[in-house]
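Work through the exercises below with the sequence and the structure at hand. Each task is followed by a solution in steps.

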Amino acid sequence: MTVQPYHLYIERIDPSKNMARFYALSIEPNLFGGTSLVRSWGRIGSRGQQKIHVFDSEVKAVDLLLTLLRRKRSRGYLPLQ
């Protein structure tokens, strides 16, 4: 069961490359007593894509969230200001 709610939204905007992207991560409980990491990404203003990872523990979901966050931050994604 998820004890702590996790919701993260970051963006990468570069007008010189006509780039405006978003990346959202959230950890949510699922119907089977496990934990799901929901990833959403795409161009800002569009519906984008979504992928759901299912875990048996919240710790594993948080591990993947932090790994993905580090990767995106190294590519220039920043939280909203």
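Two strands count as paired if DSSP finds at least two bridges between them. The model used here is predicted.

**Exercise 1.** Determine the order of the strands in the open sheet, and state which strands lie at its edges.

Solution. Step one: the open sheet has five strands, and their order is E4-E3-E2-E1-E5. Step two: the pairing is antiparallel. Step three: strand E4 (49-55) and strand E5 (78-79) each pair on one side only, and these are the edge strands.

**Exercise 2.** Describe how E1 is joined to E2.

Solution. Step one: E1 covers residues 6-14 and E2 covers residues 19-29. Step two: nine bridges join these antiparallel strands. Step three: two of the residues facing each other are found by position; Arg12 stands opposite Arg21 in E2, and Tyr9 stands opposite Ala24 in E2. Step four: the hairpin of E1 and E2 has four residues between the strands, and Asn18 there takes a positive phi near 55°.

**Exercise 3.** Describe how E1 is joined to E5.

Solution. Step one: two bridges join E1 to E5, and the strands run antiparallel. Step two: Glu11 stands opposite Leu78 in E5.

**Exercise 4.** Is Leu80 buried or exposed, and which residues does Leu80 contact beyond its neighbours within four places in sequence?

Solution. Step one: Leu80 is in the segment after E5. Step two: its relative accessibility is 56%, and the cut-off for exposed is over 50%, so Leu80 counts as exposed. Step three: with those sequence neighbours left aside, Leu80 is in contact with Tyr9 and Glu11. Step four: Leu80 and Ile10 are 70 residues apart in sequence, while their C-alpha atoms are 6.3 Å apart in space.

Conventions: Residues are numbered from 1 along each chain as its sequence is written. This is a predicted model: local features need pLDDT of at least 70, side-chain atom pairs count only at pLDDT 80 or more; totals for chains, interfaces and linings use all residues. Side-chain values use heavy atoms; hydrogens and water are left out. Buried means under 20% relative accessible area, exposed over 50%, partly exposed in between (1.4 Å probe, protein chains only). Contact means heavy atoms within 4.5 Å.
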